[in-house]
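Hi,

Here is the structure I promised to pass on. Have a look at it first, then read my notes below.

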Amino acid sequence: FHRLHLHLLLLVLVALVILIPRSLAITREQSERVDDQYHLVRGIAYLRGDLLARADLPLNDPPLGEGVTVLPLWLARCWAGNAHVTDALYGHRFTADQILAVIGLWKSLLFIPGLIVIFLWCRDLYGIAAGWLAATIVLIEPTFAAHIPLPTIDVLGVEAIVIACY
């Protein structure tokens, strides 16, 4: 193994140890937010290909992020049999708590590539210690910590911007 690979492997392991329990705790301790339904329903409609045909869904957020957010539940056929989903959390195969927990875990995994890019970028500029410092700060920063497991697309958007800039 190259030395960088060991650092990246350790970073991913540390991130998983921090992100997964924290995401489960956040989703378990909070009830759904007012815009969870909005993002989930739009994500389902995006994956079904009928987002533009849905006049009840305003087009003010990037639908790809919403589609990526609901992907694991889409693959698990959570909303199978419902032709026109207007409520993404209730009355389906999984409970609302299970849906939010799966999304929280999925979004935690989706955060890892952005964390790796932050680590690599700072390492390239200032050395390995700076890479670890930047990754640690991002892992414990309260705004990211609070928003990573949510069905909203805020953290995915920031992550996409960081990866694009790198």
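The protein chain has seven helices and zero strands, and along the sequence the pattern reads α-α-α-α-α-α-α. Helices (H or I, at least four residues) and strands (E, at least two) are DSSP runs numbered from the N terminus.

Keep in mind that this is a predicted model: local features need pLDDT of at least 70, side-chain atom pairs count only at pLDDT 80 or more, and totals for chains, interfaces and linings use all residues. Residues are numbered from 1 along each chain as its sequence is written, and side-chain values use heavy atoms, with hydrogens and water left out.

On overall dimensions, the C-alpha atoms fill a box of roughly 50 × 30 × 30 Å along the principal axes. Of the 166 residues, 39% are buried (under 20% relative accessible area; exposed is over 50%, partly exposed in between, with a 1.4 Å probe and protein chains only). Looking at contacts (heavy atoms within 4.5 Å) with a separation of 6 or more, 69% are between residues 24 or more positions apart.

Now for the surface. Trp121, Leu125, Tyr126 and Tyr166 make a nonpolar patch of about 480 Å². Areas come from the Shrake-Rupley method with a 1.4 Å probe, and for residues only the protein chains shown count as cover. Tyr166 sits in the segment after helix 7 (154–165) and is partly exposed, at 45% relative accessible area.

Cheers

Methods: Patch = residues over 30% accessible without salt bridge, like charges linked within 9 Å, V, L, I, M, F, W, Y side chains within 5 Å. Salt bridge = Lys/Arg side-chain N within 4 Å of Asp/Glu carboxyl O.
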